[in-house]
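This report goes through selected local features of one model.

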Amino acid sequence: MQEIECSLLLPPMSTATRVRSTGGRYRHLVPFPRGTATLRPVQPSPWSPETITVTAGRPAASPDAPLNTPIVPASTFHAGGQWEYAREGAPTTAALETALGALESGTAVAFSSGMAAANAVMDIVPPGGLVVAPSAAYTGVAVRLRELARMERIRLSIVDVEDTDAVVSACQGASVLWLESPTNPLMQVADLPACIEAGHAAGARVLVDNTFATPLIQRPLELGADLVLHSVTKALSGHSDVLMGAVVTADPELAEQIRIRRVLLGAAPSAFDCYLALRGMRTLALRVERAQENARVITARLTTHPAVSRVRYPGWGTIAAIEMAGGTEAADRLCASVRLWVHATSLGGVESLLERRRRWPLESDTVPDDLIRLSFGIESAEDLWSDLTAALVAVQTG
Ligand SMILES: Cc1ncc(COP(=O)(O)O)c(C=O)c1O
């Protein structure tokens, strides 16, 4: 087993700080003194992603070394070594970042939530810069981008990411092309290589929110994207017990700028949460495989169910959406009638969740009122099906 090392015993480094130049793209940011808790560069791995999830981010192998990275609950560290202050970087955080970076082929920066990670990227858009974003991006991201546009901090252009021609023309003059694929919750799939090429041709940075696909199914940096965003809260941690996010990039300067955003925005994750997320990631491959199988079996059956008017599922992944023949009332009744499925927001956990997305007042009005998002867990497919069909019968019989 090859270990991608995350040593807790690195040689001491000088505490002297260097002021980073923020020329070019980062002119609007104050030059920031680089501390000693810098990010680890990408370690190319000979192993498959399934193996990386198990092996990456472990302490260096030596007699008596623990197999798992310990939880180091420290806000500060003795001066003169690698760590200084936990917002800058910390051992348990670095272990998670090493593993996620190896998985996405880049350098990862962990944040206290997916939204904190998203805000870090929004922060590096130059003043007045044009952001091109999906017509139904994740609600929090969509609302925040609209807010920044209203404050005249950015300019915003909204596109249907499935319409590649529209994406190409929207990219003219853009600073950032912000993609989600599949989108939450419309399950739209973008032609990533074509969109990334269009973004780069226009001189834009391209971000892909890879929360739905996970790096086991899709690795946007390998397709040429500049930034990957994750709500680590979801499938990566996988047990609905952690709130965390991450940004991954193969550009070391960009990674450092994103890390500085974490320092200045104060959005560092806790050591305990990093431990839980890394522990959850160890089983990512098995969970995705099983949940995807459940999604395939059940969405295939739902396509012929008379209570369901439309199934949105790209044929892969662990998330789907359905629209109800009986409209919004039927959708609410379905959510109230399930017993094994859990009526709750969020996704990517071991348990199957469902919710009507428009129950959230700020959800995009491009999302149908009766759309229910399904997040498939790892239970028995037959148990999930019998619970769902019983609830669908309850919907039909009133
Ligand atoms: C696609 C996507 N991106 C980002 C986020 C934000 O992540 P968090 O809830 O961890 O802040 C979410 C949350 O649902 C999401 O679904």
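A residue is called buried if 20 or more other C-beta atoms lie within 10 Å of its own, exposed if 12 or fewer, and partly exposed in between, with C-beta atoms placed from the backbone. Helices (H or I, at least four residues) and strands (E, at least two) are DSSP runs numbered from the N terminus. The model is predicted: local features need pLDDT of at least 70, side-chain atom pairs count only at pLDDT 80 or more, and totals for chains, interfaces and linings use all residues. Residue numbers start from 1 along each chain as its sequence is written.

**Confidence.** The predictor's confidence in each residue, pLDDT, runs from 0 to 100. Its mean over the chain is 93, and 93% of the residues reach 70 or more. Residues 1-17 stay under 50. Where pLDDT is low, the predicted coordinates should not be read in detail.

**Helix H3.** Eight of the ten residues of H3 (residues 114-123) are buried, so this helix is largely enclosed by the rest of the structure. They are Gly 114, Met 115, Ala 116, Ala 117, Ala 118, Ala 120, Val 121 and Met 122. Their packing partners include strand E5 (107-111), helix H4 (139-150) and helix H7 (252-265); contact here means C-beta atoms, placed from the backbone, within 7 Å.

| Site | Feature | Value |
|---|---|---|
| Ser 181 and Pro 182 | cis peptide bond, omega | about -5 degrees |
| Asn 184 and Pro 185 | cis peptide bond, omega | about 5 degrees |
| Asp 64 | positive phi | near 75 degrees |
| Ser 240 | positive phi | near 55 degrees |

Pro 182 is in the loop between strand E8 (174-180) and helix H6 (192-201), and Pro 185 is also in the loop between E8 and H6. Asp 64 lies in the loop between strand E4 (56-58) and helix H2 (91-104) and is exposed, with 4 other C-beta atoms within 10 Å. Ser 240, in the loop between E10 and E11, counts as buried with 20 such neighbours inside 10 Å.

Strands pair if DSSP finds at least two bridges between them. E15 (residues 353-356) and E16 (residues 371-375) pair antiparallel over four bridges, and Glu 355 has Arg 373 in E16 as its bridge partner.

Note on methods: Contact = placed C-beta atoms within 7 Å.
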